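Here is a set of questions and answers on a two-chain model. Please look at the structure first.

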Amino acid sequence: MGVAVRVDGLTKSFGAQPVWADLTLTLPAGEISVLLGPSGTGKSVFLKTLVGLLKPDRGSIWINDEDLTELPERRLYEVRKLFGVLFQDGALFGSMNIYDNVAFPLREHTKLPEAKVRAVVTEKLEMVGLLGAEKKLPGQISGGMRKRAGLARALVLDPQIILFDEPDSGLDPVRTAYLNQLIVDLNQQTDATFLIVTHDINTARTVPDNIGLIYHGHLAMFGPREMLLSSTEPVVRQFLNAQRIGPIGMAEEKDAAEREAESAAGVELPPLPPIQRQLRPSDGRPRRAERAPGEWCRTHDVPYPAGSFREEVPV
Amino acid sequence: MSTPVTTGLQRSGDFFAFGVDVARSVVRRPFQVRELIQQAWFISSVSILPAALVSIPFGAVIALQLGSLVRQLGAQSFTGAASVLAVVREAGPIVTAIIIAGAGGSAICADLGARKIREELDAMQVLGIDPIQRLVVPRVIASMLVAVLLNGLVSVVGVAGGYFFNVVMQGGTPGAYLASFQALGQLPDLAAGEIKALVFGAVAAIVASYKGMNAGGGPKGVGDAVNQSVVITFMLLFALNFVITAIYFQVVPQKGT
């Protein structure tokens, strides 16, 4: 079973330049969460802060009643074994082949005999569909394969919390779809807590149980997927539907004059599109954290756009 | 807040803290023997040939410079003494410093810098492995080891080069060259040279690792880091060389005084 991560009042700045302030959210144990935000809002910084690679200015990160920001370095290295992180480019060790990369954490942290190591590594490589590429060096394979190899390495210590830094950047739509399916399947099999940092709208709309949106240095909203997808809050609505009309401009934020001009011209946000069903595990059995389509909207009495939660009809 | 002075002080403080981290990690288990052997092999493979090639002309230049002057004074039999003194005491450690910083240090810095910008170091930390213990400590020890051996090599090749030029080119007496070895030089000179080399090896590797692990801003950042690391190492090593020499002269009594 995964571990919940409770972030409280987290604030980070680089010198005089603030990144974000007062982030407070809880990643529920065993659920998939997505963190969205326009480019340059510090999503990757948040992810690195979560695993203790960067120190926040203020605030705390609670995992199993331990505040990650206060831990001495030696203990921090222990707690980090709970995490598996997929970095943007996979962050494979360039001097080792794929097999050694995936075996690396096992060889460093355990005294498993080489036969056991081989069994675990083969299992993880099969999971990400990389059997047969073990002998290749990271420089010899495509970006998508590097990403999947990075994922296999992140999974090898059976982490309780798995973080993905833009799993879909630089991948074609088909590979992205496969990777998204893999994420959902992994969550079903491991029950770990997942956090995906991305700005791919399709991933954000269909994969997670929860969505968070960072905007203009603060957390605009964090909650169940259906809450954000049915939200009429302008920022959330604009971003989740990839529209130009709304408070987010080409630069960080539209200025007041621009927005006034927009509303004076009578421009209004287009209606919300239907909410798709959530991606389900490929073997058809439900995930532990799965909820029925439309359940949140019905229990909270929130109207949702017509045509939502329909069974997808293959075209 | 961040004037150039405070930034400079902060960097120095960071570097010092990094050095302390490295020193503390040296004694921490498990010790990375494999990485140490690989690195020692790598550093020696990039440094042995240039070190030998630099020390031959170094010995030769000393022989040439001294040769005519010494002949005018009628002290040809002391050329060997001067050569040994210059090579073992000064040229050896200086050549070692230049090669270790230029060949070994730049390679270490480029390697760690590339790992830093590819997020390999972050990945390693997230996998629960301390890059200082896993990568930096073996490199520092390897660099110290190779520096000590390199200093021996440079001394031998330098003196041999001096011998060749003195005897073959300038018509010096072979016996006199060899016999005067002990006239000015003494055994502690060699010990001091080796201690210098040990310190230089450590400083070069620590500076290179520090710069590499703090590289930022893509491939250009790595290039900048390598450049800075070589320049900083040179300055530190020449300053250290002066300090150690000054202490040596105070501590060990010299011949003929």
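Strands of chain A

Q: Which residues cover the two faces of E8(A), and are they buried or exposed?
A: A residue is buried if 20 or more other C-beta atoms lie within 10 Å of its own, exposed if 12 or fewer, and partly exposed in between, with C-beta atoms placed from the backbone. Strands (E, at least two residues) and helices (H or I, at least four) are DSSP runs, numbered from the N terminus. In E8(A), Thr193(A), Leu195(A) and Val197(A) lie on one side, and Phe194(A) and Ile196(A) on the other. Both faces are covered, and these residues are all buried.

Q: What kind of model is this, and how are residues, chains and ligands labelled?
A: Residues are numbered from 1 along each chain as its sequence is written, while chains are lettered from A and ligands numbered from 1 in the order in which they are written. Local features need pLDDT of at least 70, side-chain atom pairs count only at pLDDT 80 or more, and totals for chains, interfaces and linings use all residues, as this is a predicted model.

Q: How many residues of strand E8 of chain A are buried?
A: E8(A) covers residues 193-197. The strand is largely enclosed by the rest of the structure, because the buried count is five of the five residues.

Q: In which sense does E7(A) pair with E8(A), and over how many bridges?
A: Two strands pair if DSSP finds at least two bridges between them. Phe164(A) has Ile196(A) in E8(A) as its bridge partner. E7(A) and E8(A) pair in the parallel sense, over five bridges.

Q: Which residue in E8(A) is the bridge partner of Val34(A)?
A: Strand E3 of chain A (residues 32-36) runs parallel to E8(A), joined by four bridges. For Val34(A), the partner in E8(A) is Ile196(A).

Q: Which residue in E7(A) stands opposite Gly84(A)?
A: E6(A) and E7(A) are parallel and pair over four bridges. Both faces of E7(A) are covered by buried residues, including Ile162(A) and Phe164(A) on one side. Opposite Gly84(A) stands Ile162(A).

Q: Why is E7(A) largely enclosed by the rest of the structure?
A: Ile161(A), Leu163(A) and Asp165(A) are buried on one face. E7(A) is largely enclosed because its buried residues number five of the five.

Backbone angles in chain A

Q: Is Glu166(A) buried or exposed?
A: Most residues other than glycine have a negative phi. Glu166(A) is not a glycine, yet its phi is positive, about 45 degrees. Glu166(A) sits in the loop between strand E7 (161-165) and helix H6 (173-190) of chain A. Its C-beta has 21 neighbours inside 10 Å, so Glu166(A) counts as buried.

Q: Is Asp301(A) buried or exposed?
A: Asp301(A) also has a positive phi, about 55 degrees, although it is not a glycine. Asp301(A) is found in the segment after helix H11 (295-299) of chain A. With 6 C-beta neighbours inside 10 Å, Asp301(A) counts as exposed.

Where the chains touch

Q: Which element gives the most to the side of chain A that touches chain B?
A: Two residues are in contact if their C-beta atoms, placed from the backbone, lie within 7 Å. By that test, 16 residues of chain A contact eleven residues of chain B. Strand E6 (83-86) and helix H3 (98-109) of chain A each give two or more residues to this side. The most, three residues, come from H3(A).

Chain B

Q: How many helices and strands does chain B have?
A: Read along the sequence, its pattern is α-α-α-α-α-α-α-α-α. The count for chain B is nine helices and zero strands.

Q: How are H1(B) and H5(B) oriented to each other?
A: Helix H1 (residues 4-26) and helix H5 (residues 131-169) of chain B pack with their axes 9 Å apart, at an angle of about 90 degrees. Angles under 35 degrees count as roughly parallel, over 145 as roughly antiparallel, 65 to 115 as roughly perpendicular and the rest as oblique. H1(B) and H5(B) are therefore roughly perpendicular.

Q: In which helix of chain B is confidence lowest?
A: pLDDT is the predictor's confidence in each residue, from 0 to 100. Chain B has a mean pLDDT of 88, with 98% of its residues at 70 or more. Confidence is highest in helix H8 (residues 187-213), at 92. The lowest mean, 78, belongs to helix H7 (residues 181-184) of chain B.

Methods: Axes are lines fitted to C-alpha atoms, for helices over the stretch in contact, and angles run from 0 to 180 degrees between N-to-C directions.
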